[in-house]
Amino acid sequence: MASEEQDLSRVVPFLLAILVCDTGAVEPSSRKKTLVGIFDRVLADKFATTRPCTLYFKITDAQGKYKFKVEYVQVSTGTKLAEAVSNVVVIDDRLKVRDFILSFPPLSIPDAGQYEFRLYANDMYLGRATITAEKRSEVKA
Amino acid sequence: MSVVSSDVLIEPLDEGKSEDEPLEGLPPFELPTAQTWIIGPALPETMLLGALRDPRLRLLAPLTISLERENDDIVAYCEELEEFGFGTHLTEAIEDLQVTIAELYFTLKEENDRLSSNLIRIWDSLRQKIKEVS
């Protein structure tokens with residue numbers, strides 16, 4: 001385990017895209033990805049609630065072994081509500097672009113407000129995607 | 001990727017339910033209510049910053065950031081560059097620090113020929129870790 005951690009790259013990947021959607025599919029032969037229902041707002045009648053989410057992100061300028069981590073955080077309280085960690089991914093060419101789909105089970109939304117998916121590569125913070133939860137009755141038509 | 005979360009404790013969303021606005025004439029769908037589980041604090045003592053949000057600059061190596069809560073604010077401090085970022089939450093503090101570092105880079109670049117010894121050290125550190133993207 002310690003040696004695996006030591007092997008992880010310190011080359012900082014460049015985040016090209018990160019977004020949240022309902023679901024994502026990978027076409028087996030071409031590995032092309034299809035994203036369905038991209039959103040950044042959740043409407044609910046009552047809180048707390050849950051919502052299944054899929055995170056898509058795309059990076060380049062990476063070389064070596066990486067472990068990607070995504071933290072799902074309620075911004076107002078700073079609490080981490082879920083965390084996902086990848087297996088080690090090997091990227092051998094800095095010029096290559098790699099993209100990933102990560103499907104979460106229904107994620108907790110305890111209250112209205114902002115929620116973030118924070119992306120880390122080998123514990124290096126790369127960026128975030130934000131969703132805003134709103135009470136349906138308080139949303140202006 | 002594997003997901004490590006308290007997902008098993010959360011009731012799954014019923015099939016067909018959605019938070020989207022309903023079509024005209026249809027009643028709104030409702031998301032299920034659920035309890036919340038906190039799996040940890042989101043404010044670590046330190047973190048590695050792997051990106052500056054300035055399209056002109058790229059980080060070649062991560063910067064170590066220490067994080068502290070000060071009253072209602074979060075303070076992100078980069079010791080090697082002696083720079084702070086402030087915000088009401090972690091991301092705001094990090095983004096403030098990212099802007100500050102980018103500004104520092106261009107300021108020191110411009111004032112390059114008349115820097116004090118301390119600023120020369122910081123400029124060297126910046127040059128080692130940051131690359132300008134043409």
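Two strands are taken to pair if DSSP finds at least two bridges between them. In this predicted model, A:Gly24 has A:Leu35 in S2(A) as its bridge partner, and A:Val26 stands opposite A:Lys33, likewise in S2(A). These contacts belong to the pairing of strand S1 (residues 14-26) of chain A with S2(A), in which 5 bridges join strands that run antiparallel. The hairpin formed by S1(A) and S2(A) has 6 residues between the strands, and within this hairpin A:Arg31 adopts a positive phi near 65 degrees. S1(A) is also joined to strand S5 (residues 54-60) of chain A, here by 7 bridges and again with the strands running antiparallel; A:Leu15 has A:Ile59 in S5(A) as its bridge partner.

These pairings form part of an open sheet of 4 strands in chain A, with the order S2-S1-S5-S10 and antiparallel pairing. Strand S2 (33-38) and strand S10 (97-103) of chain A each have a single partner strand and stand at the edges, so one side of each is left without a neighbour in the sheet. From one strand to the next, the twist of this sheet averages 40 degrees.

Along the principal axes, the C-alpha atoms of chain A fill a box of roughly 50 × 35 × 20 Å. Of the 141 residues of chain A, 33% count as buried, and among the contacts in this chain between residues at least 6 apart in sequence, 71% join residues at least 24 apart.

Several residues of chain A can be described individually. A:Asp7 lies in helix H1 (residues 2-7) of chain A and is exposed, because 11 other C-beta atoms lie within 10 Å of its own, where 12 or fewer is the criterion for exposure. A:Asp7 and A:Ala48 are separated by 41 residues in sequence and by 41 Å in space, C-alpha to C-alpha. A:Ala48 is placed in the loop between strand S3 (41-44) and strand S4 (49-51) of chain A, and the peptide bond leading from A:Phe47 to A:Ala48 is cis, with omega near 5 degrees. In the loop between S5 and strand S6 (64-66) of chain A lies A:Asp61, whose phi is near 60 degrees, a positive value in a residue other than glycine. A:Asp61 counts as partly exposed, because it has 17 C-beta neighbours inside 10 Å.

Chain B has 2 helices and 8 strands, and from the N terminus on its elements run β-β-β-β-β-β-β-α-α-β. Of its 134 residues, 23% count as buried, and residues 24 or more positions apart account for 33% of the contacts in chain B with a separation of 6 or more. A positive phi of about 55 degrees is found at B:Glu82, although this residue is not a glycine. B:Glu82 is placed in the loop between strand S6 (73-78) and S7 of chain B, and with 13 other C-beta atoms within 10 Å, B:Glu82 is partly exposed.

Helix H1 (residues 90-110) of chain B has 21 residues and reaches 30 Å from its first C-alpha to its last, close to the 30 Å expected at 1.5 Å a residue. The buried residues of H1(B) are B:Leu90, B:Thr91, B:Ala93, B:Ile94, B:Leu97, B:Gln98, B:Ile101 and B:Tyr105. Seen down the axis of H1(B), these buried residues fall within an arc of 160 degrees, so they line one face of the helix. The face of H1(B) turned away from the buried side carries the exposed residues B:Glu103, B:Thr107 and B:Glu110.

As to confidence, the predictor gives the complex an ipTM of 0.78 and a pTM of 0.81. The mean pLDDT of chain B is 80, and 69% of its residues reach 70 or more. Among the elements of chain B, strand S1 (residues 2-4) of chain B has the lowest mean pLDDT (43), whereas strand S7 (residues 83-87) of chain B has the highest (96). Over residues 1-18 of chain B the pLDDT is below 50, and this stretch has 39 contacts in the model beyond near neighbours in sequence. Where pLDDT is low, the predicted coordinates should not be read in detail.

Technical notes: Residues are numbered from 1 along each chain as its sequence is written. Chains are lettered from A and ligands numbered from 1 in the order in which they are written. This is a predicted model: local features need pLDDT of at least 70, side-chain atom pairs count only at pLDDT 80 or more; totals for chains, interfaces and linings use all residues. The expected span of a helix is 1.5 Å times one less than its number of residues. A residue is buried if 20 or more other C-beta atoms lie within 10 Å of its own, exposed if 12 or fewer, and partly exposed in between; C-beta atoms are placed from the backbone. The arc is that of the directions from the helix axis to the C-beta atoms. Two residues are in contact if their C-beta atoms, placed from the backbone, lie within 7 Å. pLDDT is the predictor's confidence in each residue, from 0 to 100. Axes are lines fitted to C-alpha atoms, for helices over the stretch in contact, and angles run from 0 to 180 degrees between N-to-C directions.
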